[in-house]
Amino acid sequence: MDQPTVGILHPGSMGAAVAACAATNAAEVLWCETGRSTASVERADQVGLTPVATLAELLDRSDMVISLCPPAAAEDLARDVAACRFAGVYVEANAINPQRAQRIAALLDPDATVVDGGVVGSPPVGGKTPTLYLSGPADATERIETLFAGTAVRTEMLGREVGKASALKLAYASFQKTSRVLVALAVGMAREHGVDQELIEVASRRTDSYLSEPQYVAKTAARAWRWGPELEEAADTLAAAGLPPEMLRAAATTLARWNDVKDDGELTLTDALNRLAQP
């Protein structure tokens, strides 16, 4: 099928940007507007998605569905899709652990084809080019590769086993996101003793150190509501492998202190550190 109709569940900042890229090679990209926020409606309108009234209509019209939602909602959303007996290609692209990806694959209709996906990188806007890692049946992953050909979303195949893409995503997130949390803790500790600028100067001598980018702490705080659940998923993955999950669970607990500044683009480093210091 040269130009599939694609459904996106749901157009958050990542989902809308990925859907916009998919629209390059799709006949149409659908989304279900019922019950969604004003912000979601605006994002969908900005990238030219086609609204439909119900999930059932979206699934009935779509050859392929891409699920990009908060990790906690991934299985419930898959159950809703399964209840409609969707029989196309279902791309499970959420930041969930491999075991959950496999459970979701088992939930879907036997006639559906489930592809495990993991997006590494920022939303594909402003010149950014994230990679969508894929694992699943070869014919389905090839269709997804074709869908994003020539767009800002790169694709990389990891084999046929559902769970591989999720594992790679969470392995990367375990380091990248926890490192950002450690920056906040280190700068906060140094500030308490009046040596925060000295710490940054020391770190700046190493060009690969997150400590030389303290301004990113405010962005971390604004994204904490999403990053925390993702690290919990990564912790579950470690536990399943017999490795200690405590570090990631502790990082998720730290991130929870910023849950009340969800997507706050005006947050400063000082504000973020002050909130982190509150019990």
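Trainee: Which residues of α7 and α11 meet?

Mentor: In this predicted model, Ser174, Thr178, Val181, Leu182 and Leu185 of α7 are in contact with Met247, Leu248, Ala251, Thr254 and Leu255 of α11. These contact residues comprise 7 nonpolar, 3 polar and no charged.

Trainee: What makes the buried residues of α4 line one face of the helix?

Mentor: The buried residues of helix α4 (residues 74–83) are Ala74, Glu75, Leu77, Ala78, Val81 and Ala82. Viewed down the axis of α4, they fall within an arc of 160 degrees, so they line one face. An α-helix has 3.6 residues a turn, so residues three or four places apart point the same way.

Trainee: Against which elements do the buried residues of α4 pack?

Mentor: They pack against β1 (5–9), α3 (55–61), β4 (64–67), β5 (89–92) and α5 (98–107). Just after α4, arginine 85 has a positive phi of about 55 degrees.

Trainee: Why does threonine 141 count as buried?

Mentor: Buried means under 20% relative accessible area. Threonine 141 has 5% relative accessibility and therefore counts as buried. Threonine 141 belongs to helix α6 (residues 138–147). Apart from neighbours within four places in sequence, threonine 141 contacts Val115, Leu134, Ser135, Gly136 and Met157.

Terms used
Residues are numbered from 1 along each chain as its sequence is written. This is a predicted model: local features need pLDDT of at least 70, side-chain atom pairs count only at pLDDT 80 or more; totals for chains, interfaces and linings use all residues. Side-chain values use heavy atoms; hydrogens and water are left out. Helices (H or I, at least four residues) and strands (E, at least two) are DSSP runs, numbered from the N terminus. Buried means under 20% relative accessible area, exposed over 50%, partly exposed in between (1.4 Å probe, protein chains only). Contact means heavy atoms within 4.5 Å. Ala, Val, Leu, Ile, Met, Phe, Trp, Tyr, Cys and Pro count as nonpolar, Asp, Glu, Lys and Arg as charged, and the others, Gly among them, as polar. The arc is that of the directions from the helix axis to the C-beta atoms.
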